Amino acid sequence: MAAQLLRVKAPDGRQAAASARTLGLTAAKTMREAFADVPRFLRLKLALLGGAFRRSPWQVVGLVIASLYGIGMMALLVGGLVAARFVPDVTSVRSIVIVVGAAVTTGFLLLPLVFGVDDTLDPRKFALFGIPTDRLAVGLAAGSILSVPAIVLAVCALATVVTWSHGFWLAVLALISAVLATATSVLAARVATAAAGFLLDTRRARELTGVVGVLLVVLISPLVLSLSNVDWGARGFSIMTVLADILRWSPMGAAWAVPADTAVGRGGAAALELLIAIAMLAALWLAWRALVAHMLVTPSRSGEVKTYAGLGWFSVMPATPWGAVAARSLSYWGRDARYWVSLVMIPVIPIIILTAFAVVHAIPGTYPALLPLPIMVLFLGWAAHNDVAYDGTAIWLHVVAGTTGLADRIGRLVPLLFIGIPLIVVGTAVSVYFYGDAHVALALVGVTVCELFVGLGLSSVTSTLTPYPVPKPGDSPFAQPQSVGAAAAVVQGFSLVVIIVLSAPAIVFGVLGVFVDPAWFVSSLWAGLVVGALALVGGVVGGAAIFNRRGPQMLDAAVKAA
Amino acid sequence: MSSLPETPPEDGPQANPVSPVEPAEEKPASAAKKPAAPRAQKPRQTTARAPRSTAASKSGGTSSRSSSSGATAAKPRTTRAPRAPRAKAAPKAKPTPPPEPVPEPKPTALGIRQLYKRFGGTIALDGVSIDVPEGSFYGIVGPNGAGKTTMLSIVSGLLRPDSGEVVVHDVDVWKQPEHAKRLIGVLPDRLRLFDRLTGAQFLFYCGTLRGLDAGTVKARVNDLVAAFGLEAAVGRLVADYSAGMTKKIALAAALIHSPRVLVLDEPFESVDPVSAANITEILQKYVAAGGTVVLSSHSMDLIQRICDRVAIIVAGVVLDSGTADEVRGQKTLEERFVELAGGRKAAEGLEWLHSFSE
């Protein structure tokens, strides 16, 4: 296109008028050509979405439930936006729309970066079709409108037209802004996804995205904390107004602010915001087009390869089958980001709990100090309930080598014991320090040991009996497995409930000890230790027997999930 | 190739008196980690295969190639016990000097009998029976989707058959799996490895899972790494390996417990020619020492070159099997295969392909 422009512009003044006409024609033709493939890409995206419904019945049920949920949310949002039309306090509506709109657009930009979305319309997949870059860029951007979040966003953005329908021209302006805001969000998501897919192409980087995401959650929790300390009833709207006045100048909020500021009579500011919004969209388009052009000629990269000396955990653990499985599990817990997701959440739990209690002041005194540790251990004990699935099809080695179920089951539990026992010791000490009564340590140990052991025993059974699909090795920990059935939710829920039910005696005795008579603490300890030990031994022995019989079935499940 | 018959078969009787000496030699030698291969003592084969004693003396030599047989030598002697009776039977055959093919049937290393397997509506195996004699290099060929991988998965204990039985050295794979699995080394196709381990860790893992002690495993890992040329890669994660290197380390892992039967699904796929030649040599020595190899491949040339027996499977049925020469007759194996597999489709109807678009 640039070459054409140069060629047309080259003649001198005499032909200026003619060349200007030619230029206009050329531009129109280029535009037409660029949009030529749009229907095709829309059909492709529809077919991809439809493909999701051609899977197992359970997945379709899940999708239908998700869709109903999405439609319900959308109806609520649209209803709210339409109702806002009749709220007399236009200033407050303005603030809320700007702040929420800016947050949504930012979300479209950031979420793909954090979660490393699996991109069905990755430009690189079209590299071999020889489609001109402009047509491809337009087509792929158009195709991405046909996704659930984008459709919800588009409908809500259109609903803001009703919100601002205080006059005909204001509604027209709102319509233009809605289109701008939707296009900006969708294109921002495209650019972010492409950049994520392109910059984070190596295995290691892919694995890190999820961890970065969790760290982000941890990092913004102070912000959430400070926001949650605000007395929203009294000062909420003034804070929203302050935020809105900042965000309306940001590229993310500008498009949402145009009709809002016009409605409250700030026409000059609105004009400037419109310029910012258009400039943002143009910049995103240029970035998107450049990314597509670059990605088409840059297939994929391979990361730097790290070398390790020695045998690592294998030289620490005994050279027996169970020791080998334990060393392998420990190496994986250390190297594979998919395992970290379940661990990284564990230190976040006490922060969230204590924050929540600090905010609402629901429980008086030092009682909250007793809550985090049992909940952390509950999730730790639960973390291995699908352990075999994380091996993927590599489980063939255990089947072929005739690994006994006992060696496999015990080996897989070692990492959790390595984490769990120090956690219980340190956690009990810290909890007792903040609670202020050393006797409670008995109950804490009873409850947490019970939870951990029941969890490990249960994991020994569920991981061989009911493996469900997880992200494949090397994928982002948050990548959607190819097929997730309702089985996953059932197994997850069931195993949590069983851990809690079997730990109930220890928990109940512990609670009685706190509120009725400290003598109950001893009962709690014994109840926890006995139930935990029985569950652990029973689970490991039972799981081992199942493992011995189910080798081929486990491999079959792994092959189907891959 | 050192395993090819270099000594005339008449040496057999001469070599025989040597073999009683060997165990005596072996005890002091075993401390040196590379004793004469115990397999060498079993003069099972009466045909023109390399006499055991020569193979052993060669492996006792220095070349790194011999390390695989050196590795097998380090295996505890207890697992050798079942072979003792056969060693007695062999001397009877010894006095017959003629080197011509003696039609005495060798014992079956791997018996596949009437295997049936169906997946939903498709029949993958429709009554497959194959008899793999001990010490043979058996090639399974067939078009895509013929059921080769299904059959090899059943043989290695990874897939349960609908009916039929698999017997490895008189042990039923599906009735006595623990025992059978010790006798088999497996290289599956298209299954992951535990690839978050380094190459050294992976091999060590495979060895200890098989119940070998740490010293044995470390010695064998070193030998295997040298034999497969993986020295530079042992410290890297298997996930970072190329496809060919992954194949090589998986093959090395299949050998680590010195199995009596190797079941290899596509062992040469994406392996470079030099490595393929190395692997072929390792496998040929293994067979010469009395081991049995069953492999599948799409490379007819390779099968014709290295396998002494062949089975052609099409659509879950064995269409032909036997020695490589019997199966191919006057033709090449490829011609015979194409003939059995339903012939080639004449490349018609693609004329537009020859009028190029731009």
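## Strand pairing

Two strands pair if DSSP finds at least two bridges between them. Helices (H or I, at least four residues) and strands (E, at least two) are DSSP runs, numbered from the N terminus. In chain B, strand 7 (residues 261–265) and strand 8 run parallel and are joined by five bridges. Within this pairing, B:Leu264 stands opposite B:Leu295.

Strand 8 of chain B also pairs with strand 3 (residues 137–141) of chain B, in the parallel sense, over four bridges. There, B:Leu295 is the bridge partner of B:Gly139.

## The model

This is a predicted model, in which local features need pLDDT of at least 70, side-chain atom pairs count only at pLDDT 80 or more, and totals for chains, interfaces and linings use all residues. Residues are numbered from 1 along each chain as its sequence is written, while chains are lettered from A and ligands numbered from 1 in the order in which they are written.

A residue is buried if 20 or more other C-beta atoms lie within 10 Å of its own, exposed if 12 or fewer, and partly exposed in between, with C-beta atoms placed from the backbone. Strand 8 (residues 292–296) of chain B is largely enclosed by the rest of the structure, because five of its five residues are buried.

In a regular strand the side chains alternate between the two faces of the sheet. In strand 8 of chain B, B:Thr292, B:Val294 and B:Ser296 point one way, and B:Val293 and B:Leu295 point the other way.

## Chain B as a whole

Chain B has 13 helices and ten strands. Of its 358 residues, 48% are buried.
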